[in-house]
Amino acid sequence: MKIDEIKDMLGAEVLCCEENTGREVYSACGCDLMSDVLAYVKDQAVLLTGLVNPQVVRTAEMMDMICIVFVRSKKPTPEMLELARDSGIVVMSCDKRLYEACGILYAGGLGANKVID
């Protein structure tokens, strides 16, 4: 599934690196605890979270994720967007709750058996 499709499915707004939304992704992770992302997530390309702090971008970068979706209409700070831009990470925001967003992506075929909430 392409990041563009995720944007459409979630009704998300692209905040950073729109030029990379044509990239293909195969799995996602929904989590607000970055320590859990570091400890348990393997081979996830998209991070869905309601946590808004620079550690989210740094964690995504460390885990080679290429897209972050902030749920519940959360918006990252300009500093966070700059960090993401430096790494080429697509950043989006949607109004869905974390559980709902993960369910939509799972039902749409993204990473069956790999979406975690």
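## The loop between S4 and H4

Arginine 72 sits in the loop that links S4 to H4. Keep in mind as you look around that this is a predicted model. Arginine 72 is not a glycine, yet its phi is positive, at about 55°. Its relative accessibility is 37%, so arginine 72 counts as partly exposed.

Serine 73 is found in the loop between S4 and H4 too. Here phi is near 60°, again a positive value in a residue other than glycine. With 42% relative accessibility, serine 73 goes down as partly exposed. Why point these out? Most residues other than glycine have a negative phi.

Next comes helix H4, which covers residues 78–87. Which of its residues are buried? They are Met80, Leu81 and Ala84. These three span an arc of only 100° around the axis, so they end up on the same side of H4.

What do the buried residues of H4 pack against? Their partners are strand S1 (13–16), helix H3 (54–62), strand S4 (67–70) and strand S5 (90–93). After H4 comes glycine 88, with a positive phi near 75°.

## A closer look at methionine 80

Methionine 80 is part of helix H4. It has 2% relative accessibility, and the cut-off for buried is under 20%, so methionine 80 counts as buried.

Setting aside neighbours within four places in sequence, methionine 80 is in contact with Val52, Asn53, Pro54, Val57 and Phe70. Take proline 54: it is 26 residues away from methionine 80 along the chain, but their C-alpha atoms are separated by 5.4 Å.

## How H1 meets H5

Now for a pair of helices. Two packed helices are described by the angle between their axes and the distance between the axes. For H1 (residues 3–10) and H5 (residues 98–107), the angle is about 125° and the axes are 10 Å apart. The two helices are therefore oblique to each other, and H1 passes H5 in a right-handed crossing.

Which side chains are involved? On the H1 side you have Ile6, Met9 and Leu10, and they meet Ala101, Ile104 and Leu105 in H5. Sorted by class, this contact has six nonpolar residues, with no polar and no charged ones.

Notes:
Residues numbered from 1 in each chain as written. Predicted model: local features only at pLDDT ≥ 70, side-chain atom pairs only at ≥ 80, totals over all residues. Heavy atoms only, no water. Axes fitted to C-alpha atoms, helices over the stretch in contact; angles between N-to-C directions. Helix = DSSP H or I, 4+ residues; strand = E, 2+ residues; numbered from the N terminus. Parallel < 35°, antiparallel > 145°, perpendicular 65-115°, else oblique. Left-handed = near helix turned anticlockwise from the far one by under 90°. Contact = heavy atoms within 4.5 Å. Nonpolar A, V, L, I, M, F, W, Y, C, P; charged D, E, K, R; others polar. Buried < 20%, exposed > 50% of the residue type's maximum accessible area, 1.4 Å probe, protein only. Arc of directions from axis to C-beta.
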